[in-house]
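Work through the exercises below with the sequence and the structure in view, and try each task before reading its solution.

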Amino acid sequence: MAANSGGQEGLTPEQAVDRLEELHAAASTALREALSRFTETGAVPTAEERLKFRYPELSVDWRPSGAVHFTRRAWAKFQAPGLYSTTITQPTFFRQYLLEQLRPLAEEFNARIEVGDSDQEIPYPFVTEAGDEFVHGELSVTELARHFPTAVLANVGDEIVDGLWEFEDGRPRPLALFDAVRIDYSLRRLIHYTGTDWRTIQPWILCTNYQRYVDHFLVWALEELARPDGPYSALVLPGGAIVQRGDAPEAAEAAIATAPWHRFQMPAYSLLRSDGRGGITLINIGVGPSNAKNATDHLAVLRPHCWLMIGHCGGLRQSQTIGDYVLAHGYMRRDRILDDLVPPEVPVPALAEVQVALQTAAERVTGERGDALKRRLRTGTVVSYDDRNWELRWSQERRRINHGRAIAVDMESATLATQGYRLRVPYGTLLCVSDKPLHGEIKLPGAATRFYQRAVGEHLHIGLETVELLRSEIGSLHSRKLRSFDEPPFR
């Protein structure tokens, strides 16, 4: 046990989160009431009233005076003595996460926890909800911005994540990777892009680039909801419709058929659990590295346990067959989208826990092992491009691909993995070969075989089984491979 941090008593983790909830609720209510009053009467908030529109701040002070506690855990620990702080939003939603981070800091390091008001104002769009009358009608956004705090993009950034934050004497160190305004910004973006309330997005995330995976996921989800002893309780659809356990099959199918998924760029489907172990969200991120970065930039603020890329790829080896699997252990980053943030020479490592879970899941789902599995599942390097018609540059790309020993090509996997590395979210990639562009086997209308049709459903079930395997490995899953030298204490 570490020595205490000066003998002063602070808040317990539970008291701290309770206080965060009180302060955030009071600030949000004050801001909403001022917005409503302005809409009805034109009365603007006073300077004194604006002092109430502020995020709460969480501070943790660690001043060891004896032996320092040692832990192999990759998170909830300190890199150096001192004061750490961050602003907090939505503490009720993040309650369990906050407690998981704070308890070891208090119990193992005997750090002092404090909560108070910050200097960071809550932008008014972040307290509004669908249906609020004061954000409709003839209300001028320009007029609102004159009198209420707004999300100034200069204050919404990833300096901590990208290692651009520098320590200064007298200034607290960052307690978390994201502050409140950055989190709120992404929560609103998630609603816009996925078509679902961010509160329903689950900590286990499957990303795909093909609608057929959605179809298979929905069939599986309804089967799970119909199982008498199943752990899942509800299915949330794009647009907000919810299928509950016990709903009539006809009603469930009608809800799925009428869900307006086509209105959203990256529709999300979330299957919720009732046992507190976290459900599964499937997101059709579409095609391209820009979509992959956009989705993960915002999903990361939810601090998910893992995201997996379960999609299609082009096979680059003659020995591959349409319907085979590719387990990525390395990435050639020809997508370019993250080169300024994570330079291409920075390796993006495969995470052993995820790799083992993906292969074990493949064995369980396919029933194949040893050489039989190796014939269908190949481990190797995936090259990701930002140009869908990269084949037209084959004479220029051939040498690079050959040097990289790449076995598959897609447009999203390298971005998703690099974002996982950058944003400290465990990641993995299992792709299904849908064509072989270098060997004349291209996708043409009606060319899908029964084997290929089977592979899509089987592929999805491998992803789902991987999640089941990883549930019991959360402690090791959030590994030290993802942590930097000057990492904030929070995961």
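**Exercise 1.** Find which residues of helix α7 (residues 249–258) are buried, and explain how they are placed around the axis.

*Solution.* The buried residues of α7 are Ala 252, Ala 255 and Ile 256, where buried means under 20% relative accessible area, exposed over 50% and partly exposed in between (1.4 Å probe, protein chains only). Because these residues cover an arc of only 95° around the axis, they lie on the same side of α7, the arc being that of the directions from the helix axis to the C-beta atoms. On the other side of α7, the exposed residues are Glu 250, Ala 257 and Thr 258. The buried residues of α7 pack against α6 (211–226), β6 (232–236) and β7 (242–244), with contact meaning heavy atoms within 4.5 Å. Helices (H or I, at least four residues) and strands (E, at least two) are DSSP runs, numbered from the N terminus.

The model is predicted: local features need pLDDT of at least 70, side-chain atom pairs count only at pLDDT 80 or more, and totals for chains, interfaces and linings use all residues. Residues are numbered from 1 along each chain as its sequence is written, and side-chain values use heavy atoms, leaving out hydrogens and water.

**Exercise 2.** Decide whether Gln 90 is buried, and list its contacts beyond four places in sequence.

*Solution.* Gln 90 lies in the loop between β2 (82–87) and α3 (95–107). Because its relative accessibility is 16%, Gln 90 counts as buried. Leaving aside neighbours within four places in sequence, Gln 90 is in contact with His 24, Asp 184, Leu 187 and Trp 198.
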